[in-house]
Structures are given as structure tokens and as C-alpha cells.
Amino acid sequence: MTDDSPSSSASPRHPARPRFGMAQGSAPWLVPALGAAGAAALLARRSRAGAVAAAPVIALAAGMTWFFRDPERGPATGRVLSAADGVVQSLDPQPDGRIRVAVFMNPLNVHVNRAPLAGVVTGVEHRPGGFRPAFDKDSERNERVIWTLETEIGEITVVQIAGALVRRIVPYLAAGQKVEQGERIGLIRFGSRVDVYLPTGVAPAVEVGQKVRAGETRLDAD
């Protein structure tokens with residue numbers, strides 16, 4: 001399901017963040033984890049048993065902090081940029097002539113997603129569904145948020161797909177808003193896959209198995 005209301009606070013039109021920040025929408029998970037880690041650290045100072053008990057709590061908080069990181073990305077060149085960090089899972093021709101570039105995100109990847117082109121958000125549609133692992137063929141029925149962007153090369157569709165874990169997609173923008181290329185559009189908490197549909201006539205420049213970075217890796221060929 002989606003969570004948190006869309007906000008423009010992630011937009012580059014606002015003052016720049018530090019080079020390493022936390023993702024918008026991460027607070028419901030990150031704040032309790034860090035609070036528990038602080039309490040565990042105090043307990044660890046009192047006894048060896050407390051230190052043993054505190055270790056997994058502190059490790060979990062560290063993992064949460066790493067998962068929800070939101071680094072800045074430098075300007076990149078290319079008409080269509082990757083919307084997600086991860087590995088190209090498949091390149092799938094569609095009946096209407098478009099090509100779907102599916103990028104799988106593992107738990108170590110940055111999970112903040114970005115706009116592949118500048119344009120106007122013409123649609124943000126939430127579709128409920130299941131929560132199969134993103135690499136499973138049945139993930140086509142998973143819960144998702146479908147973004148439609150009107151751009152200089154035509155309509156671009158970006159699909160955020162929830163995975164098997166916590167199942168939360170956090171949109172940052174709403175229909176009618178302008179978006180810059182590489183601007184943050186949303187977060188998938190603990191999952192899973194992002195698809196970019198290249199318009200008819202636009203060939204992919206990436207290959208299956210290739211690592212990509214949101215807002216930096218070019219998806220389309222010249």
C-alpha cells in the first residue's frame with residue numbers, strides 16, 4: 001500500500017541536501033530503530049549480558065540506516081535515465097511497441113526512485129495486489145504505483161512494485177506537478193522492482209544483468 005502524502009520536499013527546486021541523507025518516508029521505521037539502539041547502547045554499558053543483548057538491536061539500527069540512505073546524484077547525460085538502483089532483470093518488448101526495462105533492487109541498493117526524464121506527472125495510480133518476491137513471475141500481480149509522465153519524447157511510464165517484505169510505497173509527488181530529470185519521485189520500503197517503459201522507437205542501451213544507478217545510468221540508445 002502507499003503511505004505518506006506526496007510532498008515536493010524531495011525536489012531539487014528546494015535547498016540541496018547533504019551528500020548523504022535519509023530518505024523521505026523512512027522515519028516510521030528509522031526513528032524507532034535508532035531509539036531502540038540508543039537504549040540498547042546504555043544497557044550494554046552496564047553488563048556483559050547487556051552488551052550481548054544490545055548487539056543485534058544496534059546492528060538492526062545500522063542496517064536500517066544503510067537501507068534508507070538517500071545520497072545525492074550528480075547531473076547525468078542521456079534522454080532516459082534509470083529510475084532505480086539495481087540490476088537489469090529483463091528487457092521485455094510490449095504489444096504496443098514499447099520496451100519494459102525491469103530493474104531489480106536488492107536490500108543493499110538505494111531504494112529512493114527518480115524520474116527518468118523531465119516532464120509533467122499526469123498520473124499516479126496505486127493498484128493493490130499481492131506481495132510475491134520481485135524476481136518471481138507471479139510478481140506481475142504485486143501491489144504497485146504506476147507513474148505516467150508527459151515528456152519531450154512522449155509518454156513515459158514508471159512502475160514501482162512492492163516486494164515480499166514490508167510492502168510500502170511512498171510517492172513524493174502528485175499528478176499535475178512538474179518533475180525534473182533525476183528528481184526523487186518516491187521510495188519503496190524494503191523492496192523490490194522498478195520498471196521503466198521506453199516509448200515506441202526508443203531502443204535500450206542496457207543489457208540484462210547490468211548494474212544501474214538511479215538518475216545516472218542511461219537506459220536509451222542513441
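Q: Where does glutamate 143 lie?
A: Glutamate 143 sits in the loop between strand 6 (119–127) and strand 7. Strands here are DSSP runs (E, at least two residues), as are helices (H or I, at least four residues), numbered from the N terminus. Please note that this is a predicted model, in which local features need pLDDT of at least 70 and side-chain atom pairs count only at pLDDT 80 or more, while totals for chains, interfaces and linings use all residues. Residues are numbered from 1 along each chain as its sequence is written, and side-chain values use heavy atoms, with hydrogens and water left out.

Q: Is glutamate 143 buried or exposed?
A: Glutamate 143 counts as buried, because its relative accessibility is 4%. Buried means under 20% relative accessible area, exposed over 50%, and partly exposed in between (1.4 Å probe, protein chains only).

Q: Which side chain does it join in a polar contact?
A: The side chain of glutamate 143 has a polar contact of 2.5 Å with that of histidine 126. A polar contact is a pair of N or O atoms within 3.5 Å; within protein, one must be able to donate a hydrogen and the other to accept it, and residues adjacent in sequence count only if both atoms are side-chain atoms.

Q: Turning to annotations, which residue does UniProt list as "active site"?
A: The unreviewed UniProt entry lists Ser192 for "active site". That record also lists Ser192 for "modified residue: Pyruvic acid (Ser)". UniProt positions are given in the numbering used here, feature names are shortened, and annotations may be inferred rather than shown by experiment.

Q: Where is serine 192 in the model?
A: Serine 192 is in the loop between strand 11 (184–189) and strand 12 (193–198). Serine 192 is classed as buried because its relative accessible area is 3%. Its side chain reaches the backbone oxygen of isoleucine 161 at 2.5 Å.

Q: How many residues has the largest nonpolar core?
A: The largest nonpolar core has 34 residues, and Val158 and Val196 have the most contacts inside it. Strand 4 (99–104), strand 7 (144–151), strand 8 (154–161), strand 9 (168–171), strand 11 and strand 12 each supply at least two of its residues. Such a core is a set of buried Ala, Val, Leu, Ile, Met, Phe, Trp, Tyr and Cys residues joined through side-chain atoms within 4.5 Å.

Q: What is valine 158 in contact with?
A: Beyond its neighbours within four places in sequence, valine 158 is in contact with residues including Ala83, Pro116, Trp147 and Val196. Contact means heavy atoms within 4.5 Å.

Q: And where is aspartate 85 found?
A: Aspartate 85 belongs to the loop between strand 2 (69–71) and strand 3 (86–93). Aspartate 85 is buried, because its relative accessibility is 5%. Its side chain forms a polar contact of 2.7 Å with the side chain of arginine 73. A polar atom of the aspartate 85 side chain also lies 2.7 Å from the backbone nitrogen of alanine 214.

Q: What separates the C-alpha atoms of asparagine 106 and aspartate 85?
A: Those C-alpha atoms are separated by 8.9 Å, and the two residues are 21 residues apart along the chain. Asparagine 106 is in the loop between strand 4 and strand 5 (112–114).

Q: Finally, how many helices and strands does the protein have?
A: The protein has two helices and 13 strands. Buried residues make up 46% of its 222 residues.
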